[in-house]
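Dear colleague,

Please find the structure below, handed over for your records.

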Amino acid sequence: MRAWLLLSAVLCYLAGIAWSRSSLLSEKGLVYGKIGHPVKIYVKLHQNSPVLVCMDSQRASKETVDPTYLWIGPNEKTLTGNNRISITKTGRLILKDFLELLSGLYTCTFSYKTVKAETQEETIVKKRYDFMVFAYQEPDYSYQMAVRFTTKSCVGRYNEQLFRLLKKILNNLISDLSCHIIEPSYKCHVVKIPEHDLTHELFIAFQVNLFTPGWRGACNESDDCEDATNHNILKARDRIEEFFHSQADILYHRFNKTLPAMHFVNHSFHVVRVDSCRPGFGKNEGLHSNCASCCDLHFCPCLWS
């Protein structure tokens, strides 16, 4: 009786280990291979890759006898563990603190045995899985903006004075964020509004850009610099948007129906984000449809040798 109890206890213990192992299949961050189809992986610079599993999902749900795993990197050399590469005994690969030079084709050969129960005959099975790993960055943001102001006439120095004053106010508003106004311009047009007389309006356009002298200081020596800089440009956008909304509130509450000749045209503020990639990176929606907004590394064979 005690022997049966002992056996039951051992079986329960072993079953617990088996369940723990198989439960890993449901973990997030696992990327399985696909036979005959390279799997594209996108890893942000200076971040860790997801776990690359040297096995397809169907095979992972089955028992495997005497498995072995061989990983080959972009330089066609066998991968071994180091401070940037982690390979587990079960063939799982993690690329740490990812750099441009780590981009490329990663190939894993998975070998295991099938054993016939009746004859104990062994057969070696080999499968190959390819992973195309791309380094990417978030694009650098800038914002194209447009507003309109009423004016007395399209002729006169007041229009230029308003334009210069507005540019100065906006630059002062965002200067602490290492942002500035670039490519400002304006044109005067005659506008006919339904049920109103003809009016003259200044159509003003400008771009909010980040890369002023000393912008690198915003990074605080961070490797992931685009996150810090893009955070600043987002704050600059919000400040400018709030400024023009406040202009509309001032007109509504203070002047009511008596408006000055030159004032902000309510609801005329428009903003569009413009993305740009840094040298060596670019966008290719056809090739990288799974990461269309990413700035991916332009592959160069010289990086893989």
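The notes cover the conventions, the nonpolar cores and the cavity.

This is a predicted model, in which local features need pLDDT of at least 70 and side-chain atom pairs count only at pLDDT 80 or more, while totals for chains, interfaces and linings use all residues. Residues are numbered from 1 along each chain as its sequence is written, and side-chain values use heavy atoms, with hydrogens and water left out.

The largest nonpolar core has 30 residues; such a core is a set of buried Ala, Val, Leu, Ile, Met, Phe, Trp, Tyr and Cys residues joined through side-chain atoms within 4.5 Å, where buried means under 20% relative accessible area (1.4 Å probe, protein chains only). Ile41, Leu52, Trp71, Leu93, Tyr106, Phe131 and Val133 touch the most other members. Strands S1 (30-32), S2 (39-44), S3 (51-53), S6 (92-95), S7 (104-115) and S8 (122-137) each supply at least two residues of this core (strands are DSSP runs of E, at least two residues; helices are runs of H or I, at least four; both are numbered from the N terminus). A second, separate core of 26 residues includes Met145, Ile174, Val208 and Phe243.

The structure also holds 1 cavity of 30 Å³ or more, a set of points on a 1 Å grid over the protein atoms alone where a 1.4 Å probe fits but cannot get out. Its lining (residues with an atom within 4 Å of a point) includes Lys167, Pro184 and Phe206. Helix H3 (157-174) gives the largest share of that lining, 4 residues.

Yours sincerely

Definitions and conventions. On a 1 Å grid over the protein atoms alone, a cavity is a set of points where a 1.4 Å probe fits but cannot get out, and a pocket is an open set with protein on both sides within 12 Å along at least five of seven lines; lining residues have an atom within 4 Å of a point. Grid points are joined across faces, edges and corners, and a volume is the space filled by probe spheres set on the points. Buried means under 20% relative accessible area, exposed over 50%, partly exposed in between (1.4 Å probe, protein chains only).
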